[in-house]
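Trainee: I have the sequence and the model open. Please take one part of the fold and go through it closely, with its surroundings.

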Amino acid sequence: MLKKIVDIAHDYLLEGCNESDIAIDFTCGSGNDSKFLCDHVKFVYSYDIQAEPIEEAKELLKGYTNIQFYQKSHYYFDEDVISFDRGIFNLGYYPKGDKTITTQGDEVIATLEKALACLNPNGRIIVVCYPGFEVGLKESLMVEEYLSGLPSKEYDVYSFKVLNRRSAPYIIGVDKH
């Protein structure tokens with residue numbers, strides 16, 4: 001049986017990762033990605049626009065000292081971070097909250113543009129896409145189109161999809177040379 005897509009995303013994040021890495025959880029949500037990163041890297045910056053997920057994540061990560069939370073859009077990460085080695089976007093909406101508050105393709109792409117410029121060589125960004133709802137499908141297609149156009153001399157871009165379930169979540173990964 002296939003692993004959960006988030007577990008596969010975590011596996012990809014770990015490849016080449018080391019304890020001195022700096023990471024960004026661009027979409028904090030419940031804090032599971034942040035916790036995973038905290039267990040494997042030196043420091044994590046974690047972003048969410050909503051207070052409820054940040055509070056839930058803080059509770060999950062109580063006692064962790066290698067994380068800083070920000071209640072603001074991931075677009076503004078560069079106010080806090082100069083460079084980083086690992087990043088994850090878990091797109092869509094906060095499952096326990098208002099499902100009309102979702103990540104938006106235009107903002108994700110604008111954030112990715114800035115993030116790629118700040119990503120250290122041999123760094124990796126993983127984007128978990130959720131095409132199973134209207135906004136998520138549109139966003140997934142936009143992000144996939146943008147990332148697939150990156151120059152291959154600078155980046156490797158790859159995807160992991162379950163081909164016989166079109167609405168299943170999937171991963172797009174970006175490695176910087």
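Mentor: Start with the cysteines. The model is predicted, and a search of the whole structure finds zero disulfides in it. Two cysteines show the reason. The sulfur of C38 has its closest cysteine sulfur in C28, at 9.7 Å, which is too far for a bond. C38 counts as buried because its relative accessibility is 6%. For C118, the closest cysteine sulfur is in C17, 18 Å away, so this pair is also too far for a bond. At 16% relative accessibility, C118 counts as buried.

C118 takes us to the part I want to look at. C118 is one of the buried residues of α4, and α4 packs on the sheet. Our part is the region of that sheet around β5 and β7.

First, the sheet itself. It is open and has seven strands. Their order is β3-β2-β1-β4-β5-β7-β6, with mixed pairing. The edge strands are β3 (67–71) and β6 (155–160), each pairing on one side only. From one strand to the next, the twist averages 15°. Strands of a sheet pair through backbone hydrogen bonds, either parallel or antiparallel.

Now zoom in on β7. In the strand order, β7 sits between β5 and β6. With β5 (residues 119–129), β7 (residues 170–176) pairs in the antiparallel sense over six bridges. Along that pairing, I125 stands opposite V174, and I126 stands opposite G173.

How enclosed is β7? Seven of its seven residues are buried, so the strand is largely enclosed by the rest of the structure. Y170, I172, V174 and K176 point one way from β7. I171, G173 and D175 point the other way. Note that the buried set includes K176 and D175.

Next, the helices. Helix α1 (residues 5–14) lies across β4 (84–90), β5, β6 and β7. It runs at about 175° to β5. Helix α4 (residues 105–118) touches β4, β5, β6 and β7 as well. Its direction makes about 160° with that of β5. The length of α4 checks out: at 1.5 Å a residue, its 14 residues should span 20 Å, and the end C-alpha atoms are 20 Å apart, which agrees.

Much of α4 is hidden. G105, V108, I109, T111, L112, K114, A115, L116 and C118 are buried. What covers the buried residues of α4 includes β4, β5, α5 (134–148), β6 and β7.

In soluble globular proteins, nonpolar side chains tend to be buried together. Here the largest nonpolar core has 27 residues. F77, F84, I125, V127, V143 and L147 touch the most other members. β2 (43–48), β4, α4, β5, α5 and β7 each supply at least two residues. The largest share, six residues, comes from α4. Leaving out residues up to four places away in sequence, V143 touches L91, V108, I109, L112, V127 and I172. Of these, V108, I109 and L112 are among the buried residues of α4, and I172 belongs to β7.

A second, separate core has 20 residues, including F36, L37, L61 and I126. I126 lies in strand β5. I126 counts as buried because its relative accessibility is 0%. Beyond its neighbours within four places in sequence, I126 is in contact with A9, Y12, L13, G87, I88, F89, Y158, I171, I172 and G173. Across the pairing, I126 and G173 are 47 residues apart in sequence, yet 4.5 Å apart in space, C-alpha to C-alpha.

Finish with a contrast on β5. N122 is also found in this strand. But N122 is exposed, because its relative accessible area is 65%. Its backbone is worth a look too. Most residues other than glycine have a negative phi. The phi of N122 is positive, near 70°.

How values were computed
Residues are numbered from 1 along each chain as its sequence is written. This is a predicted model: local features need pLDDT of at least 70, side-chain atom pairs count only at pLDDT 80 or more; totals for chains, interfaces and linings use all residues. Side-chain values use heavy atoms; hydrogens and water are left out. Two strands pair if DSSP finds at least two bridges between them. Helices (H or I, at least four residues) and strands (E, at least two) are DSSP runs, numbered from the N terminus. Axes are lines fitted to C-alpha atoms, for helices over the stretch in contact, and angles run from 0 to 180 degrees between N-to-C directions. Contact means heavy atoms within 4.5 Å. Buried means under 20% relative accessible area, exposed over 50%, partly exposed in between (1.4 Å probe, protein chains only). The expected span of a helix is 1.5 Å times one less than its number of residues. A disulfide is a pair of cysteine sulfur atoms within 2.5 Å. A nonpolar core is a set of buried Ala, Val, Leu, Ile, Met, Phe, Trp, Tyr and Cys residues joined through side-chain atoms within 4.5 Å.
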